[in-house]
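Subject: Structure for you to look at

Dear colleague,

I am passing on the structure below, and after it I set out what was found. Please keep it open while you read.

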Amino acid sequence: MSKMRYSRRSLLKTGAAAVAASAFPAPMIWAQEIKDITLRQFGTGVSNLNDVAVKVKEDLGFTLEMTALDSDAVTQRAATQPGSFDIADIEYWICKKVWPTGNLQAMDTSRITNYDKIVGIFRDGKLTPDSVIAQGTAPHTVGFTSGPGGTDFVQEESGWMTLIPTIYNADTLGIRPDLIGRPIDTWAELLNPEFRGKASILDISSIGIMDMAMVCEAMGEISYGDKGNMTRDEIDRTIAIFTDAKRAGQFRAFWKTFDESVNLMASGEVVIQSMWSPAITAVKARGIPCVYQPLKEGYRSWGGGIGLSSGLSGMPLDAAYDYINWYLSGWVGGYLMRQGYYSAVPETSKQFMSADEWGYWFEGKPAQGDITSPTGEKLAGPGDVRDGGSFEERMGRVACWNSVMDENQYMVRKWNEFIAA
Amino acid sequence: MQRLLKSPHVTGWLLASPVALVLAVFLILPIVMIAVISFWTATEFAIVPAFSFENYQFLFGSSVTYRVFLNTFRYAAITWAITLALGFTIAYFLAFHVRSQTWQMVLFLLCTIPFLTSNIIRMISWIPFLGRNGIANSALMSWGLIDAPLEWLLFSDFAVILAFVHLYTLFMVVPIFNTMMRIDRSLLEAASDAGASGFQTLVNVIIPLTKPGIMIGTIFVVTLVMGDFITVRFMSGSQSANVGRLISNDIALLQYPSAAATAMVLLVTVLIVIGALLRLVDIRKEL
């Protein structure tokens with residue numbers, strides 16, 4: 001009887017535990033299993049924030065693993081390695097390429113608590129009932145599919161979403177007002193000979209070509225059918241204009257990474273260039289004046305969202321829906337808004353921002369006190385107003401969405417020629 | 001067994017096998033794979049096994065390729081000429097002017113100190129130095145030599161070559177210094193006794209005897225410059241292209257087969273250059 005060496009005490013303990021387990025079975029097991037769940041998310045650096053993973057563990061209990069990649073690698077991974085992720089944090093134009101592969105699953109909007117509060121841009125494409133839908137890959141055009149298992153896109157709110165929108169913004173040119181000394185109000189200024197040797201553009205072909213198109217159209221040189229889907233002829237003419245400018249010494253340099261754009265601007269090598277919102281913040285944080293200049297032709301905009309891997313099912317899928325609902329419930333939105341991005345459900349984010357922050361970032365009102373980033377750096381002082389103004393003023397003036405063209409490979413080759421010219 | 005191991009033939013093979021294995025796995029195999037993939041085709045997300053000349057056809061059919069290769073050769077040639085002049089002078093000074101062996105070693109080590117820091121750091125540190133409001137421009141302006149900042153100091157071919165020279169001169173100094181140190185000093189005395197001037201000794205004795213060192217340095221510099229992409233990208237502000245950047249652009253856009261094809265063409269070009277160089281000097285004979 002060697003194996004029956006239970007002491008009375010240990011028998012009692014086990015017994016008590018068994019009674020407890022049978023009395024409240026579900027929550028205990030559920031809490032335990034939720035803890036064991038790990039969701040693997042990957043995406044571009046903008047919204048893959050460690051703070052989010054920490055907060056998820058705190059609020060929801062499961063583990064979120066984040067991998068940050070550049071947008072080319074993100075596209076490749078979403079398209080070719082569906083088993084390597086549970087949640088894809090991608091941009092809408094990437095979705096256009098990836099969705100048809102069937103690696104993501106449609107999301108049931110009836111399970112999204114705040115679905116009705118998601119801004120119109122991601123539902124019917126209209127911010128306000130009379131907005132005009134911009135060119136390029138507008139998010140709502142690739143935001144819905146016909147049903148579970150669908151690999152197509154439908155234009156109406158079908159109840160099945162491809163991506164749940166999370167983050168978006170409107171991009172424009174950044175300028176150094178102290179070195180320019182006069183108002184700038186059009187994209188055409190990028191090629192103004194006045195700034196010869198002091199201009200820059202980003203060397204990422206898919207985005208760079210759109211900034212070029214905004215400039216060429218503003219100059220009145222080319223009128224595009226769709227800047228987000230150019231014909232070969234439009235690509236040729238656009239690149240030709242910029243090649244001439246490059247040969248004439250218009251550009252000081254091209255940038256490829258965030259920090260390069262910050263250094264070019266902060267050192268005064270460049271006074272006008274394509275730029276991203278957090279880069280402006282980084283220049284300002286060094287005490288150097290820098291403006292994210294609103295231009296009369298409008299903004300080039302982009303949006304990102306999270307999609308679920310088609311391999312996700314059962315409890316991890318439920319956890320993923322919890323995650324999405326949590327994402328839209330305001331904490332992340334507030335965090336992103338205080339970085340200068342916009343949240344898909346602004347009204348929930350409002351609860352996680354002070355009235356002054358909400359006024360400054362969303363309503364375009366002058367700041368009352370110091371405005372700080374989520375990590376505590378001072379971004380603006382009393383009386384400062386956000387460049388471009390309120391949410392409606394900025395997102396209501398989108399001229400073009402980031403997109404992928406049918407002639408993408410041709411465009412890339414022409415882009416290489418431009419760099420080598 | 002004993003006799004087999006003692007046979008010089010077998011020992012030779014055994015001694016050579018570790019390095020042969022390493023080279024086979026880490027050099028030959030990757031190159032073979034690159035060669036194979038260069039014949040594949042790519043869609044936007046995937047590479048597809050095939051046997052297609054499409055990549056090469058596009059490469060040789062595009063004027064960009066020729067321009068970029070020409071530019072790569074230009075960088076290599078200019079960098080080579082400058083590093084050779086500098087390297088030879090420095091090595092000559094160390095080998096023939098510095099008499100004490102201790103000082104020779106001290107000065108030689110001094111030359112290598114910058115190489116204890118990272119390549120990239122040494123290159124990037126030029127950027128604030130040469131910039132529009134950088135130290136170089138403000139110094140020149142405060143001395144009254146120029147009125148306006150010199151724009152061509154940074155983000156230009158000048159900056160690229162400057163960085164190359166800075167990064168690679170040591171690769172010229174070391175082999176030349178090494179061969180110079182092996183020159184029998186009595187040959188120089190003999191030349192002097194026979195009435196040769198300093199210049200004649202240099203041209204007729206020292207340079208011919210230093211050729212293997214020059215050649216080794218040349219191979220280093222030329223291959224390094226031709227294979228580089230990061231220096232060109234940073235110092236030209238992405239405004240100039242060389243073959244390395246062409247390859248890195250392709251990789252960024254997931255066009256691996258096209259990148260592989262460009263890499264093969266570059267490899268063959270560099271091998272031809274080295275082959276031609278080795279025809280000029282038989283390194284093995286002269287070492």
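Predicted model: local features only at pLDDT ≥ 70, side-chain atom pairs only at ≥ 80, totals over all residues.

Residues are numbered from 1 along each chain as its sequence is written, chains are lettered from A in the order in which they are written, and side-chain values use heavy atoms, without hydrogens and water.

The contact (heavy atoms within 4.5 Å) takes 34 residues from chain A and 28 residues from chain B. About 2,600 Å² is buried between the two chains, 49% of it from carbon and sulfur atoms; buried area is the accessible area (1.4 Å probe) lost on putting two parts together, summed over both. Three salt bridges (a side-chain nitrogen of Lys or Arg within 4 Å of a carboxyl oxygen of Asp or Glu) are found across this interface, and one of them joins A:Arg252 to B:Glu151 at 3.8 Å, N to O.

On the surface, B:Val19, B:Leu23, B:Leu27, B:Ile28, B:Ile31, B:Val32, B:Val36, B:Leu267 and B:Leu271 form a nonpolar patch with about 730 Å² of accessible area together. Such a patch is made of residues with over 30% relative accessible area and no salt bridge, with nonpolar side chains (Val, Leu, Ile, Met, Phe, Trp, Tyr) joined within 5 Å, and accessible areas come from the Shrake-Rupley method with a 1.4 Å probe, only the protein chains shown counting as cover for residues.

Best regards

Technical notes
Patch = residues over 30% accessible without salt bridge, like charges linked within 9 Å, V, L, I, M, F, W, Y side chains within 5 Å.
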